[in-house]
Each structure stands twice: as structure tokens, then as C-alpha cells.
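Have the model open beside you as you read.

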Amino acid sequence: MDGGQARALQARAAAKPPQGLSTAALERKLSIKRRAREDAARNLPRQDSDALSATELAIIDAVAGERARIDDQRNEAKLEAERRLRALAPTPQDFSGPALEARLALKQAAGRVAHDWTAAIERTRQGRAELNAFKQAHELRRAAVYPRSGLLQAGLLLCAATFEALFSAALFAEDDARGLLGGAITAIGLSGANVTLGFLAGFLGLRYLQHVRFPLKAIGALGFTALTFLALMLNLFAADWRDRLAAMAGQQVDLGADAGFHLWSLLQLESPQAIILLMLGAGVWVFAALKGYSGFDDPYPDYGKMARAAEDAAETFSAFRADARDELEAPINAAKAALGGRLEKMRAEYEAMSKAFDNAAAKMESLDAKARALDDAAAGAIHLYRQENLAERSIPAPAYFGAPPPAAGPALDALAGAAAMIDSARALLADAQIQSARAQEELLAELEAITARLDAEPQP
């Protein structure tokens, strides 16, 4: 309403009494100074008089007609403003209806998802209980460690097998009658078997060596020993075969003239290529065994499987809970939109009402300024009369000369009713905001209560 107040101040500053009703005009029209001196010569009004003199009454009567016309305009503006504000007053809205509908829809949605929610919680609880029981039975005090995806580990094994195959193919091709193709075929078979034996030795042997149960630990040790022996035999056979191919090709292996000790002499290997082939196979086998031990799953048997089962159940419940929560929040969101729309409607009506009040206040202030200008002109004329009278009197003036001159018309607070209507509308809007906020808070509290009830673990 700042714009209305600015316009009102401008109207007040520009207000002037109608032509012929200013203080100077009244003095000329009524000969105020002359009549004041004549009354003073007769010592009128008398010292004990409380009534206004005839001249003062004449001044008031001179502006009374114009003052009455302005008062009529003010009354008409008052009635028009009240009628306009009454038409624009915010319509009370029902804020309990959307909340009740949302509460009913919320209960229906909770009933729909309750069974699946309980089942998901039960699966999560069961998976967690089984994992805890497994850890307690197997004396595990650490979290399971396993990769999210075995694709990288499989790629590393493939790279190791490819490296061994390429290097071995070059060694076999030197003396293989079939050339590089024959050497590649032999190398691929050798590297594939070597990586497979290494992986199985780690996955089925090393992992079970740490099992808490002795029979499984013994089986793991037996499996690791057997697979290690097979890998050793495979790589020794490949190295010996490489020597035989060299011998069949007619090559002479120069071992040197020294009589020093050579490890490969114990293995009956004569060519450096055979020793390199043996060392390469051993290295790839160890790498594959370590990947089988901890590269694809937790080093302790079945621990990773149990941990993944519990984690999958928890993730499934989390995803289901998020979807179910969205379904439960849908009626609350719809209620929020409905409450917000109704509140916005009341706010728009209040804004329109405030603008109408500002316009009415500006118009009323213009009329009030005119009325005050008339009152000021009359007061100025009366003050002029009293000054002239006091100057010529021989006895003291009556006591009422010291009081302010009376107004030409009654002082009216024409917009008091309109202001009361604005106050009522403001209170109604504030109460509507409180009702809307309370309804939303109650809905959210009920949503949280339903969620907490559904989250409670089911009784066995």
C-alpha cells in the first residue's frame, strides 16, 4: 500500500480551498475585520460568553455548504470502497478436504505395499542373519573382500595366457617342422592348460587350506598338491619336449666347457629355450593361482557368496523402499498442490483487495484534503476575527478565544470500516497459511509414522 500512501500525500499537498472560500475571500465577503472592530467597540462577545459570535458563526456557515458536499462525496466513496472490498474479499477455503483425501489415499497405498515391504525386510533380515551366523561359525571377524566384477580379473588371466602363448610359440617355432603355426598351436594349448591349472589350484586349493573345518582343509591341501603336481609335470613335459624337438632338428646344444653345477642338469634339460619355457610357465601358473585365490572372490570359501547375497537383498529392499516411498508420497504431493492452489487464490484475492483499498484511500485522502483546506480557511478567518477583536477590546476577551477554532464539519474516519475489512482479510489469509502448513505437517508426520511402521522388522 505504499503507492496509495504516496498518492495520498501528493493529494494533501496539492489541496486548496474552492475559489471564494479562502481566508482572504471570506474576509472580503464577510468584512471580518470591520465586524470584529465593531464587536470589540461593544465589548462583544462578552467576557463570560461561551457561544461563538455571530461573525464566527457566519464564517462557519459560509463554508458549511461546500463542506457538506465534500462530506457527501466522502460518504459515497466510503460506501463504494466497502462494496468493492466486500466483493474482492478472499473466499474462505477448505484446507481439511485435500488433507483428508490424501490421508485416505496414503492408507490405501500403504496397504498395497505392506506385504511386499514386509517380505523385502524379511529377506534382508534373513540374509543378514545368515551372514552373521556364517561369520560366527567360521570365526571370521572381517568384512568380505571381493571385486565388483570379475571381468577385469578374467582379462588379466587372458593377458597372461596370451603372453605365455606368444612367447612359447616363438620358442617352439624354432624347431617345429610345422613352423610358426605349429608352434602357436602347441603354445596356445600349453598356456591354456597352465592358466587353468593355476586358477584351479588357487580357487579350489589355496582357498580351502584356511577353512575352519579340518576335512575341507585336508581336501583343499590334497587338491592344491595334486594340481601343483599336474602343473609341474605339464611344464616339465613342455620343456623336455622343447629339448626333444631341438634334438630331432639335429642341433647341438653347447653347455660350455666348465664343470660347474647347473640346476637344469638335474632336470635333464639341455637347451636354454627349455629353461626359459619352464620359468615362464611357472610364473604364469603362480599368477593364475593368486588370481584364483583372491582375484575373483573372497579368499575364504563361500564367504563372498554369503556377503553378496546379503548385500543384494539389502540393495533390492533399498530400491523397493525408494519406489514405495514415491508411491506413498504421491497423494501428499497432490494434497500440497491443492492446498498451495487454494492458498494462492486467497493471496491473489487479498492482493486485489489491497490495491482497491489503496485506490480508495487515495481518493478519500483527496477529499479529506479539500475538507481540511476548508476547515483551515474557516479557522484562519476566525483567527483573523479574534485578533482584530482582541486589538480593539477594552475588557478581556472570553475564555473560548484561547481554544482552537471549531471545524466547519465533523471529523470523519471514512475508511475505518474498509480498514477493518482489510484487517479481517489479512487475518483470514494468515489463518489459511497456518491451516495449510498444519495440514502438510500432519500429512508428513503420518507418512513418517507409516514408513516407520513398515520399516519395523517383522515378528518371527
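Start with Arg 308 and Asp 297, whose side chains meet in a salt bridge at 3.0 Å, N to O. This pair links distant parts of the chain: Arg 308 sits in helix H11 (residues 303-392), while Asp 297 is in the loop between helix H10 (272-295) and H11, eleven residues apart. Keep in mind that the model is a predicted one.

How exposed are the two partners? Arg 308 has 29% relative accessibility, so it counts as partly exposed. Asp 297 has 10%, so it counts as buried.

| Pair | N to O distance |
|---|---|
| Arg 347 and Glu 344 | 3.0 Å |
| Arg 426 and Asp 423 | 2.9 Å |

Arg 347 and Glu 344 are three residues apart in helix H11, which means about one helical turn separates them. Arg 347 counts as partly exposed because its relative accessibility is 27%. Glu 344, at 43%, counts as partly exposed too.

Now hop over to helix H12 (residues 416-455), which holds both Arg 426 and Asp 423, three residues apart, or about one turn of the helix. Arg 426 comes in at 35% relative accessibility and counts as partly exposed. For Asp 423 the value is 43%, again partly exposed.

How values were computed
Residues are numbered from 1 along each chain as its sequence is written. This is a predicted model: local features need pLDDT of at least 70, side-chain atom pairs count only at pLDDT 80 or more; totals for chains, interfaces and linings use all residues. Side-chain values use heavy atoms; hydrogens and water are left out. A salt bridge is a side-chain nitrogen of Lys or Arg within 4 Å of a carboxyl oxygen of Asp or Glu. Helices (H or I, at least four residues) and strands (E, at least two) are DSSP runs, numbered from the N terminus. Buried means under 20% relative accessible area, exposed over 50%, partly exposed in between (1.4 Å probe, protein chains only).
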